[in-house]
Amino acid sequence: MIGIIGAMDIEIDGLKNKIEKSAGENIAGCGFVCGLLDNVMVCLAKCGPGKVNAALCAQIMIDRFKADKIINIGVGCSLSTGVSIKNIVIADDVCQYDIDITALGEPMGYINGLNEIKIKTDPEISEKLARAAVSTGEKIHRGTVASGDTFIADEAMKKTIAERFGAICGEMEGGAVGHVCRANGVPFAVLRTVSDGGDGAAALDYPAFKKIAAEKSTAVILKYIETEKNQLELF
């Protein structure tokens with residue numbers, strides 16, 4: 001079972017409308033729809049924005065729906081001059097930029113329990129997503145995706161996160177999904193399409209580009225699912 005998590009309707013509706021033989025369930029405020037996507041069994045979920053919502057959804061996805069891999073999809077902001085609006089970012093790793101226990105001597109972003117700052121994504125899933133994105137004609141980037149419970153719309157904040165974590169993309173869920181998956185030993189990947197620059201213009205760019213960005217993420221996931229279908233048919 002492939003679990004796919006998005007924060008908002010606009011990020012998952014393009015996939016939801018293509019699921020066949022579907023069954024839906026709402027648990028703890030998260031909406032889940034399971035069924036066949038191009039004859040591949042998936043469970044699609046809308047978690048709502050933010051790290052707690054994303055973590056809650058990911059744990060339910062693992063416990064209730066037995067997902068053996070999870071892909072977090074959606075939109076994000078650019079934290080790098082080389083990453084432009086409508087580009088695709090595939091995370092090599094994720095972090096949570098707003099975990100701050102520096103007063104106790106730990107570095108910014110340090111996750112107690114996991115004892116690390118950056119959580120690596122699954123290389124096989126990430127590579128397949130990258131190839132799927134390239135095959136749809138998209139410009140892609142690989143690197144660190146930074147998550148926090150703030151919509152980044154400030155040049156100074158953007159610069160701080162980029163410099164501190166070497167991040168190229170910012171958003172609000174991927175780090176939490178990665179945290180839960182890492183704790184449960186479940187492979188995961190994070191795919192983002194850039195909707196804004198994370199700067200003073202973000203509040204205007206985001207509503208203007210979020211639909212286009214979400215559609216691009218959907219196209220990449222559908223291409224990825226096609227490769228999974230082909231692999232399943234070999235056995």
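Colleague: What is the bridge partner of Asn-26 in strand 3?
Modeller: Gly-31 is the partner of Asn-26. Bear in mind that this model is predicted.

Colleague: What makes strand 2 and strand 3 a pair, and which way do they run?
Modeller: Two strands pair if there are at least two bridges between them. Six bridges join strand 2 (residues 20-27) to strand 3 (residues 30-37). The strands therefore count as paired. They run antiparallel.

Colleague: What do strand 2 and strand 3 form, and how many residues sit between them?
Modeller: They form a hairpin, with two residues between the strands. Ala-28, in the turn, has a positive phi of about 50°.

Colleague: Where is Asp-38, and what is its phi?
Modeller: Asp-38 lies in the loop between strand 3 and strand 4 (40-46). Its phi is near 55°, a positive value in a residue other than glycine. Asn-39 is in the loop between strand 3 and strand 4 too. Asn-39 is not a glycine either, and its phi is positive, about 65°.

Colleague: Why is Asp-38 called partly exposed?
Modeller: Buried means under 20%, and exposed means over 50%. Asp-38 has 35% relative accessibility, so it falls in between.

Colleague: And Asn-39, buried or exposed?
Modeller: Its relative accessible area is 52%. That is over 50%, so Asn-39 is exposed.

Colleague: How do you know that the side chain of Asn-72 makes a polar contact with Ile-5?
Modeller: A polar atom of that side chain lies 2.9 Å from the backbone oxygen of Ile-5.

Colleague: Which residues of helix 1 (residues 9-16) are buried, and what makes them line one face?
Modeller: They are Glu-11, Ile-12 and Leu-15. Seen down the axis of helix 1, the buried residues fall within an arc of 65°, so they line one face. An α-helix has 3.6 residues a turn, so residues three or four places apart point the same way.

Colleague: How many helices and strands are there, and why is the protein called compact?
Modeller: The protein has six helices and eleven strands. Its radius of gyration is 17 Å, close to the 18 Å that the globule rule gives for 235 residues, so it is as compact as a globular protein of that length. Of the 235 residues, 52% count as buried.

Methods
Residues numbered from 1 in each chain as written. Predicted model: local features only at pLDDT ≥ 70, side-chain atom pairs only at ≥ 80, totals over all residues. Heavy atoms only, no water. Polar contact = N/O pair within 3.5 Å; in protein donor to acceptor, adjacent residues only side chain to side chain. Helix = DSSP H or I, 4+ residues; strand = E, 2+ residues; numbered from the N terminus. Buried < 20%, exposed > 50% of the residue type's maximum accessible area, 1.4 Å probe, protein only. Arc of directions from axis to C-beta. Rg over C-alpha atoms; globule rule 2.2 N^0.38 Å.
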